[in-house]
Amino acid sequence: MIPAEGPYRLTDARVPDAMGDAYGEPDPDAFVRCDIGVVEGRLAPVPDGALEIPLGGAIVLPGLVDCHTHLDKGHIWARQPNPDGSFMGALEAVRADRAHNWTGADVRARMEFSLRAAYARGTVAVRSHIDSGDHRTASSWQAASDARAAWAGRIALQMVSLTTLETVETPEFTELADLVAAHGGVLGAVTFPLPDNPERIRRFLSLAADRGLEVDFHCDETLEPRSNTLGQIADAVIETGFAARVQCGHCCSLTTMAEAEAARTLDQVARAGLAIVSLPMCNLYLQDRQPGRTPRHRGVTLVHEMRARGISVSFASDNTRDPFYAYGDLDMLEVWREATRIAHLDHPITGWARSFGPNPARAMGIEAGRLVPGGPADLVILPGARSWTELLSRPHPDRIVLRQGRAIDTTLPNYAELDRLM
């Protein structure tokens with residue numbers, strides 16, 4: 001279908017308007033019907049007589065962006081499962097596996113496996129949190145940096161430190177901030193509801209600002225309504241004038257706190273310009289899990305209320321086949337499909353495409369997630385999907401992934417390749 005060389009034109013394509021507005025005006029179903037020219041690996045007008053490839057109204061997406069993952073944990077389930085599926089069980093299982101198995105070679109091999117899967121699905125950028133704060137930190141960051149270099153030009157890989165905010169006043173945390181800066185990473189931490197959080201958050205932002213670092217928090221990954229570190233982060237960003245990008249993930253407790261407090265918090269988040277990323281598949285797996293009891297509350301944050309305030313909302317994979325989430329495989333189409341069902345991103349569905357391309361790209365500070373004339377021809381063609389319901393009803397194993405205008409091999413790595421690590 002896609003030629004190995006020469007210019008060509010994809011005719012009668014459907015692109016979600018939020019991802020392809022430069023190609024025309026949307027139709028009533030929020031698609032732009034257009035032709036897409038490819039010349040020397042970029043999106044450009046093609047000369048007369050160039051090959052035309054009719055798509056018959058098939059949906060074409062730009063390369064997708066996964067802005068919150070944990071590649072260093074990925075695919076350890078076979079050797080360290082979560083005994084009960086709980087959050088604490090996950091923490092303890094990861095600690096045990098990290099202590100015994102996380103050499104640089106082990107982390108790099110599992111990251112490579114994950115990136116191969118993401119690449120085959122059409123992902124062009126990934127942000128990964130890296131467990132940090134002990135003697136294995138340096139080797140994990142070096143493994144991630146090596147993976148970033150190896151995948152340059154195929155997947156833009158960003159790394160974020162992951163440790164607890166309680167350590168921010170220690171010399172070790174300052175050393176970690178220096179390490180993150182040396183690797184060109186993002187400063188990150190997990191926040192818990194503690195009395196002195198405001199001071200700790202301001203200290204954290206100061207360390208980031210001094211090094212020119214963006215920041216990324218795990219916050220309020222709980223159904224405890226008294227946990228509102230998101231509001232504290234927004235307040236601190238406003239008070240300090242912190243100017244770099246800030247992303248906050250999870251924010252689950254917004255769903256259980258009083259409506260008035262949730263509204264006040266979201267107003268501050270909007271004022272502070274924070275970007276939010278929701279991780280619905282992992283949070284549904286962990287939240288409100290009790291033996292023999294059907295869960296009543298689920299871990300989806302208030303994405304509709306956020307969007308109504310102009311807050312940038314993204315969705316991402318989070319964990320894959322590790323104690324925090326036993327499933328997943330870095331397929332952003334799966335995330336899109338499941339998030340639509342879980343969070344009711346439909347009726348109308350218009351606009352939510354931003355949360356799987358443009359919004360996460362902006363949160364990462366990269367150019368991706370949209371079709372732009374002159375930009376790279378990194379596309380995902382879905383031959384069997386011509387409408388939203390067709391897009392979001394199937395996993396689309398027949399997808400055609402283009403990188404710089406040429407079709408790549410979309411064969412997924414075989415799990416048996418990981419056996420030697422297990």
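These legends describe close-up views of a predicted model.

**View 1. Helix α6 and its buried face.**
Helix α6 covers residues 197–210, 14 residues in all. From first C-alpha to last, α6 reaches 20 Å, close to the 20 Å expected at 1.5 Å a residue. Which residues of α6 are buried? They are N197, R200, I201, F204, L205, L207 and A208. Seen down the axis of α6, these buried residues fall within an arc of 160 degrees, so they line one face of the helix. That face packs against α5 (171–182), β9 (187–191), β10 (215–219) and α7 (229–240). After α6 comes G212, whose phi is positive, near 70 degrees.

Side chains of opposite charge can pair when their charged atoms come close. R200 forms a salt bridge with D196, with the closest N and O atoms 3.0 Å apart. R200 is buried, at 16% relative accessible area. D196, at 30%, is partly exposed. R202 meets E199 in another salt bridge, 3.9 Å from N to O. R202 and E199 are three residues apart in helix α6, which separates them by about one helical turn. An α-helix has 3.6 residues a turn, so residues three or four places apart point the same way. R202 is partly exposed, at 32%, and E199 is partly exposed, at 42%.

The whole structure has 27 salt bridges. One of them joins E417 to R116, with the closest N and O atoms 2.7 Å apart. E417 lies in the segment after β16 (406–407), and R116 lies in helix α3 (residues 104–121). The pair therefore ties together parts that are 301 residues apart in sequence.

**View 2. The nonpolar cores.**
The largest nonpolar core has 117 residues. Those with the most contacts inside this core are I36, L187, F204, C248, L274 and W336. Helix α11 (residues 332–343) gives the largest share of the core, six residues. A second, separate core has nine residues, including V65, V124, A316 and M364.

**View 3. Cysteines without disulfides.**
How many disulfides does the structure hold? It holds zero. The sulfur of C251 is 3.8 Å from the closest cysteine sulfur, in C219. C251 is buried, with a relative accessible area of 1%. C282 is in no disulfide either, and its nearest cysteine sulfur, that of C252, is 9.0 Å away. C282 is buried, at 1%.

**View 4. A90 in helix α2.**
A90 is found in helix α2 (residues 87–101). A90 counts as buried, at 0% relative accessibility. Leaving aside neighbours within four places in sequence, A90 is in contact with N82, P323 and F324. L157 is 67 residues from A90 along the chain, and their C-alpha atoms are separated by 25 Å.

Definitions and conventions: Residues numbered from 1 in each chain as written. Predicted model: local features only at pLDDT ≥ 70, side-chain atom pairs only at ≥ 80, totals over all residues. Heavy atoms only, no water. Helix = DSSP H or I, 4+ residues; strand = E, 2+ residues; numbered from the N terminus. Buried < 20%, exposed > 50% of the residue type's maximum accessible area, 1.4 Å probe, protein only. Contact = heavy atoms within 4.5 Å. Core = buried A, V, L, I, M, F, W, Y, C linked by side-chain atoms within 4.5 Å. Expected span 1.5 Å × (residues − 1). Arc of directions from axis to C-beta. Disulfide = S-S within 2.5 Å. Salt bridge = Lys/Arg side-chain N within 4 Å of Asp/Glu carboxyl O.
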